[in-house]
Amino acid sequence: NGKLTLIASTTENPYFYVYNAVLSRSTVFEFKPLEPEDVRPVIQRGIRRMGEDLQRLVHWEDGVDEYIARSCGGDVRKSLNAVEALFAAHAQDRGEIELTLEETKEVAQRSANRYDRDGDVHYDILSAFQKSIRGSDPDAAIHYLARLLESGDLISPCRRLMVIASEDVGLAYPQAVPIVKACVDSANMLGLPEARIPLAEAVIFLATAPKSNSAIMAIDQAMADVRKGKGGQVPVILRDCHYGGAEKLGHGQGYHYAHNYPHHYVKQQYIPDDLVGKKYYEYGENKTEQAAKRYWDLIKGEV
């Protein structure tokens with residue numbers, strides 16, 4: 001009758017990888033990872049079923065099923081793969097099979113921390129990493145750093161730490177940038193596993209540092225205005241006058257050299273005419289920026 005029913009599954013985010021024309025005609029369901037207590041009965045049934053298939057009596061130590069349940073990352077398939085791997089290790093045994101916790105730790109897939117470097121989980125962890133530092137929670141931040149490093153990913157946390165130093169700590173502690181850069185350089189020079197030490201130092205330093213986003217707010221507002229076409233010609237007094245003919249055009253005439261004035265400041269118009277009065281930068285509520293504000297309020301006579 002011309003009707004088509006499509007049922008599909010994917011481990012990738014369909015909103016990234018499936019055509020919009022298909023998505024708009026589909027209902028998307030997200031399957032969540034199972035909790036360990038939900039996986040344990042499946043593991044126990046799997047062990048018993050494997051024993052029945054092999055016609056062998058099977059015993060397992062306390063904690064075997066729980067360890068597999070926790071190490072499979074909520075994925076039943078991985079838990080059953082671990083069970084099969086356990087039995088494969090006893091393929092040459094005769095008589096009863098004894099599954100020990102020690103061998104379980106050796107064969108069980110270490111997937112409790114699900115991680116796909118190019119997928120959703122990667123960006124979710126990076127997002128949580130930055131937001132934990134921004135929220136001044138060093139314990140959560142260290143946890144997410146550990147998950148990134150355990151996956152073997154060194155580049156992503158290094159890059160994100162450099163961003164955080166400017167975006168989230170910013171002018172509240174300007175020295176954060178060179179300090180974090182030194183930690184990142186050390187980590188890249190050392191490589192894993194030693195890289196974890198300077199990176200942990202950088203994470204705790206940033207998480208416990210005062211915070212300010214005044215710089216990113218200022219530049220984002222300015223760039224938004226530029227994209228809208230705001231900002232006319234550069235004022236004549238500020239234009240380059242280091243070439244022949246510039247003086248005839250009036251470039252640079254009337255410009256006051258700030259260093260020739262008290263406190264190296266003189267009032268004159270720097271911003272284009274259509275943006276006069278526009279304020280992009282707002283001093284942050286922190287010791288460093290407030291000290292700068294008090295200084296310039298005094299110099300500019302705005303107190």
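Residues with a relative accessible area under 20% are taken as buried, those over 50% as exposed, and those in between as partly exposed. The structure described here is a predicted model. By the cut-offs above, Lys181 is partly exposed, because its relative accessibility is 38%. Its salt-bridge partner is Asp185, with the closest N and O atoms 2.8 Å apart. Asp185 is likewise partly exposed, at 37% relative accessibility. Both residues belong to helix 10, where four residues, about one turn of the helix, separate them.

In total, the structure contains ten salt bridges. Another of these joins Asp168 to Arg134, with 2.7 Å between the closest N and O atoms. This pair connects distant parts of the chain, as Asp168 lies in helix 9 and Arg134 in helix 7, 34 residues apart. Asp168 is buried, with a relative accessibility of 6%, whereas Arg134 is partly exposed at 37%. Together with Glu167, these two residues form a network of salt bridges. A further salt bridge is found between the side chains of Lys230 and Asp225, at an N to O distance of 3.7 Å. Here Asp225 is buried, with 5% relative accessible area, and Lys230 is partly exposed, with 39%.

The largest nonpolar core comprises 29 residues, and Ile133, Leu161, Leu199 and Leu206 have the most contacts inside it. Two or more core residues are supplied by each of helix 7 (120-134), helix 8 (138-150), helix 9 (155-169), helix 10 (176-190) and helix 11 (196-208). Helix 11 provides the largest share, seven residues. Beyond its neighbours within four places in sequence, Leu206 is in contact with Ile133, Leu161, Ile164, Ala165, Val169, Ala176, Val180 and Lys211.

When residues up to four places away in sequence are not counted, Ala200 touches Ile142 and Leu145. The C-alpha atoms of Ala200 and Ala215 are 25 Å apart, with a sequence separation of 15 residues.

On the surface, a nonpolar patch is formed by Leu6, Tyr17, Val18, Tyr19 and Val22, which together have about 550 Å² of accessible area. Val22 is part of helix 2 (residues 20-23) and is partly exposed, at 33% relative accessible area.

The structure has zero disulfides. For Cys158, the nearest cysteine sulfur is that of Cys183, 9.8 Å away. Cys158 is buried, at 3% relative accessibility, while Cys241 is partly exposed, at 41%.

How values were computed:
Residues are numbered from 1 along each chain as its sequence is written. This is a predicted model: local features need pLDDT of at least 70, side-chain atom pairs count only at pLDDT 80 or more; totals for chains, interfaces and linings use all residues. Side-chain values use heavy atoms; hydrogens and water are left out. A nonpolar core is a set of buried Ala, Val, Leu, Ile, Met, Phe, Trp, Tyr and Cys residues joined through side-chain atoms within 4.5 Å. Buried means under 20% relative accessible area, exposed over 50%, partly exposed in between (1.4 Å probe, protein chains only). Contact means heavy atoms within 4.5 Å. Patches are made of residues with over 30% relative accessible area and no salt bridge: like charges are joined within 9 Å, nonpolar side chains (Val, Leu, Ile, Met, Phe, Trp, Tyr) within 5 Å. Accessible areas come from the Shrake-Rupley method with a 1.4 Å probe; for residues, only the protein chains shown count as cover. A salt bridge is a side-chain nitrogen of Lys or Arg within 4 Å of a carboxyl oxygen of Asp or Glu. A disulfide is a pair of cysteine sulfur atoms within 2.5 Å.
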